[in-house]
Amino acid sequence: MGISTSRDGEGVAEVVVDVPPVNALTVRGWFELADAVREAGRDPETRVVVLRAEGRGFNAGVDIKEMQATSGFEALVGANRGCYEAFAAVYECEVPVVAAVHGFCLGGGVGLAGNADIVVASDDAYFGLPEVERGALGAATHLARLVPQHLMRAMVYTCRNVTAAELHAFGSVLEVVPRERLRDAALEVAVQIATKDPYVIRRAKESLNGIDPVDVKRSYRFEQGFTFELNLMGAGDRHRDAFVAEGGR
């Protein structure tokens, strides 16, 4: 369990998150995920990375219990920096990243999927930002890469979720498949990329990032500043304490 990486010998690296019960990552977990993705992309033998998870869902964001059990703001700062590094690692990965999303993709999960090059999802997958209900802000930058602007705003304000089928209609999810077919579907896309000239693919990734209309790292860092304000004003602790008291994870 934890973060693991495997390679198939054909240029496909799989980075797998397996952190029960809901793949909510600790501060250390976010940094480990960032390191795993960066290492996979820097390997000259890697042509494409598949990012997926085991268990009930793709990712439930930060481990709020860890945050509330840590005195002061050390865990909050650590989680913010860890998420920043993990999201950036996916975006800056030197090769394309295919996210295979199943079940819930919430908070930090949206940051990962939104920064991936391609998203393949199972038919039970859903995406959302519950941040407002947790006294935080962030990852709207990445949600805006998955849904239109007005829906993104509605999702932030109301904390509503959208399904993989809805994202497929927008074109931000490439394919929706039954849960048992998800890994195979993601690998099929990855193999298609892996058969291309690796030098050309790496330059394609670099060029596409270069023409992106939004600087995802800068805009996400801007969002994070408001999370710190909410904590200074007490709203963050109030909402996170309520979440933990309700048995959430």
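Predicted model: local features only at pLDDT ≥ 70, side-chain atom pairs only at ≥ 80, totals over all residues.
User: What volume does the largest cavity have?
Analyst: About 40 Å³.

User: Which residues line the largest cavity?
Analyst: The lining is made of Tyr-84, Phe-87, Ala-88, Asn-115, His-142, Val-216, Lys-217 and Tyr-220. By type, they divide into 5 nonpolar, 2 polar and 1 charged.

User: And which helices each supply at least two residues of that lining?
Analyst: Helix H3 (74-92) and helix H10 (216-232) do.

User: How does one find empty space like that in general?
Analyst: A probe the size of a water molecule is rolled over the atoms, and this shows where empty space is left.

User: Which residues point which way from E3?
Analyst: Val-48, Val-50 and Arg-52 point one way, while Val-49, Leu-51 and Ala-53 point the other way. Both sets are buried, Arg-52 included.

User: In what sense do E2 and E3 pair, parallel or antiparallel?
Analyst: E2 and E3 pair in the parallel sense, over 6 bridges. For example, Val-15 has Leu-51 of E3 as its bridge partner.

User: What do E2, H1 and E3 make?
Analyst: A right-handed β-α-β unit.

User: How many bridges join E3 to E4?
Analyst: There are 3, and the two strands run parallel; E4 spans residues 97-101. The partner of Val-49 in E4 is Val-97.

User: Back to the loop between E2 and H1. Which way is the peptide bond from Pro-20 to Pro-21, cis or trans?
Analyst: That bond is cis, with omega near 5°. Pro-21 lies in the loop between strand E2 (12-18) and helix H1 (27-42).

User: What is phi of Asn-23?
Analyst: Asn-23 has phi near 55°, a positive value in a residue other than glycine. Asn-23 is in the loop between E2 and H1 too. At 2% relative accessibility, Asn-23 counts as buried.

User: And what about phi of Cys-159?
Analyst: Phi of Cys-159 is near 65°, again positive in a residue other than glycine. Cys-159 sits in the loop between helix H6 (149-158) and strand E8 (162-163).

User: Is Cys-159 buried or exposed?
Analyst: Buried, because its relative accessibility is 13% and the cut-off for buried is under 20%.

Note on methods
Residues numbered from 1 in each chain as written. Heavy atoms only, no water. 1 Å grid on protein atoms, 1.4 Å probe; cavity = no way out; pocket = protein on both sides within 12 Å on 5 of 7 lines; lining within 4 Å. Points joined across faces, edges and corners; volume = space filled by probe spheres on them. Helix = DSSP H or I, 4+ residues; strand = E, 2+ residues; numbered from the N terminus. Nonpolar A, V, L, I, M, F, W, Y, C, P; charged D, E, K, R; others polar. Buried < 20%, exposed > 50% of the residue type's maximum accessible area, 1.4 Å probe, protein only. Pairing = 2+ DSSP bridges. Right-handed = clockwise from strand over helix to strand, strands pointing away.
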